[in-house]
Amino acid sequence: MTVFSATSPRSSRTGAKTRRGAHLVPLALTGVFAAGAVALVAYLLWPTWSTGGADTPDKLPVSVGGTLFNLPIPAIRMKIQRHSGPQERIDLDFLYPSLEAPNGPRHVTADTVDTAMQPIDRIFLSIAAHHDALAPEQRTATIYPRYLELSATAPDDGLTMRAFRSDTPYGSEDLYSASSPALTARCTRDAATPGMCLSERRVGAADLTFRFPRSWLSQWRDVADAMDRLTAQLRGPHG
C-alpha cells in the first residue's frame with residue numbers, strides 16, 4: 001500500500017500530461033489544416049490580373065445589377081473599380097474610332113499645354129444598376145415629348161433633331177434620333193465648352209450611358225455602330 005501511495009501521484013501527473021499532449025495534437029493539426037484552407041481560398045480568390053505579362057488576363061468579369069460584363073482592365077477609369085465581382089457602377093472609356101482600351105490618361109504639362117481645348121478622342125461609358133427605374137426607351141417615348149418643340153430639323157440624312165423648350169428641365173439641350181441604325185442622344189449645345197451627347201440603353205439589369213462630343217454626330221452612323229459594337233464586346237459570350 002505504501003509503494004502504491006508513493007508512486008500514484010507521479011503516475012497520475014504523467015498520465016495527465018500524456019492526455020493533454022494527446023488532446024493538443026488534434027488541435028495543432030486542425031490549426032494547420034485551417035491555415036492551409038485559408039491560404040488556398042486566398043490564392044484562388046486573389047485577382048489574377050496585373051499591369052502586364054503575356055499570361056495575364058486582360059479582362060475582368062464584373063456583375064452590375066446581376067448582369068455580367070467582361071471589361072478590359074485598362075478601360076476602367078478608377079482604380080477602386082478594377083476588381084472582379086459585383087459592382088453598383090463602373091466607369092470606362094475607349095479610344096474612338098478604334099474602340100481600343102487606352103494605355104493611360106493623357107498627361108498635360110506646362111510645356112505641352114495648348115491654349116486651345118484638346119480634342120476629345122474617347123467615348124465614355126458608365127454602367128450602373130437600374131433598380132427598376134424607367135427604361136431609356138420608355139423615357140424617350142413618354143417623358144421627352146412633353147418638353148420638345150413641335151418643329152424638327154434633319155441636320156443629316158436619316159438623323160432628326162428636335163430642340164427642348166427653354167422653360168423645361170432640358171432647356172439647353174437637343175434630342176437627336178434615327179432609326180437605321182438606331183440612335184437616340186440627348187445633347188447639350190456648344191457654348192464655352194463643346195456640346196456633349198448622352199445615349200442610353202438597357203442591358204439586362206444594367207443601364208449603359210455613352211457620352212461623346214456633339215460634333216461626332218456629323219458621322220452619326222459611325223457613332224451608332226461604335227456603341228453597338230462596344231455593347232456586344234462587353235457582354236461577350238453572355239450577350
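Both cysteine 187 and cysteine 197 are buried, where buried denotes a relative accessible area under 20%, exposed over 50%, and partly exposed in between, with a 1.4 Å probe and protein chains only. The model is predicted: local features need pLDDT of at least 70, side-chain atom pairs count only at pLDDT 80 or more, and totals for chains, interfaces and linings use all residues. Residues are numbered from 1 along each chain as its sequence is written, and side-chain values use heavy atoms, with hydrogens and water left out.

**The disulfide**

A disulfide is a covalent bond between the sulfur atoms of two cysteines. In this report a disulfide is assigned to a pair of cysteine sulfur atoms within 2.5 Å. The structure holds one disulfide. Cysteine 187 and cysteine 197 form it, with their sulfur atoms 2.0 Å apart. This pair links distant parts of the chain, 10 residues apart: cysteine 187 belongs to strand 9 (residues 182–188) and cysteine 197 to strand 10 (residues 196–203). The link between cysteine 187 and cysteine 197 is right-handed, with 110° about the S-S bond.

**Overall architecture**

The protein has three helices and 11 strands. Helices (H or I, at least four residues) and strands (E, at least two) are DSSP runs, numbered from the N terminus. Along the sequence, these elements follow the pattern α-β-β-β-β-β-α-β-β-β-β-β-β-α.

Of the 239 residues of the protein, 32% count as buried. The accessible surface of the protein comes to about 15100 Å², and 59% of it belongs to carbon and sulfur atoms; accessible areas come from the Shrake-Rupley method with a 1.4 Å probe, and for residues only the protein chains shown count as cover. Among contacts between residues at least 6 apart in sequence, 48% join residues at least 24 apart, a contact being heavy atoms within 4.5 Å.

**Aromatic pairs**

A pair of aromatic rings is described by the distance of the centres and the angle of the planes. Rings of Phe, Tyr and Trp (its six-membered ring) pair if their centres lie within 6.5 Å; planes under 30 degrees apart count as stacked, over 60 as edge-to-face and the rest as tilted. By this rule the count comes to six aromatic pairs. The rings of tyrosine 96 and tryptophan 216 have centres 4.2 Å apart and planes at 20°, so this pair is stacked. Tyrosine 96 lies in the loop between strand 4 (89–95) and strand 5 (122–129), and tryptophan 216 in the loop between strand 11 (206–213) and helix 3 (220–235), so the pair ties together parts that are 120 residues apart in sequence. Both tyrosine 96 and tryptophan 216 are buried.

Tyrosine 144 and tyrosine 170 form an edge-to-face pair, 5.4 Å from centre to centre and with 80° between the planes. This pair, too, links distant parts of the chain, 26 residues apart: tyrosine 144 is in the loop between helix 2 (136–143) and strand 6 (153–156), and tyrosine 170 in the loop between strand 7 (159–163) and strand 8 (173–179). Ring pairs link Tyr144, Tyr147, Phe164 and Tyr170 into a cluster.

**Charges over rings**

A charge sits over a ring if NZ of Lys or CZ of Arg is within 6 Å of the ring centre and within 35 degrees of the ring normal. Two such arrangements are tabulated below.

| Charged residue | Aromatic residue | Distance from ring centre |
|---|---|---|
| Arginine 211 | Phenylalanine 124 | 4.7 Å |
| Arginine 235 | Phenylalanine 69 | 5.5 Å |

Aspartate 207 lies in strand 11 and is buried, with a relative accessible area of 12%. Its side chain makes a polar contact with the side chain of arginine 202 at 2.7 Å. A polar contact is a pair of N or O atoms within 3.5 Å; within protein, one must be able to donate a hydrogen and the other to accept it, and residues adjacent in sequence count only if both atoms are side-chain atoms. Leaving aside neighbours within four places in sequence, aspartate 207 is in contact with several residues, including Ser126, His130 and Arg201.

Histidine 130 lies in the loop between strand 5 and helix 2 and counts as buried at 14% relative accessibility. The C-alpha atoms of histidine 130 and alanine 205 are separated by 6.2 Å, although these residues are 75 residues apart along the chain.
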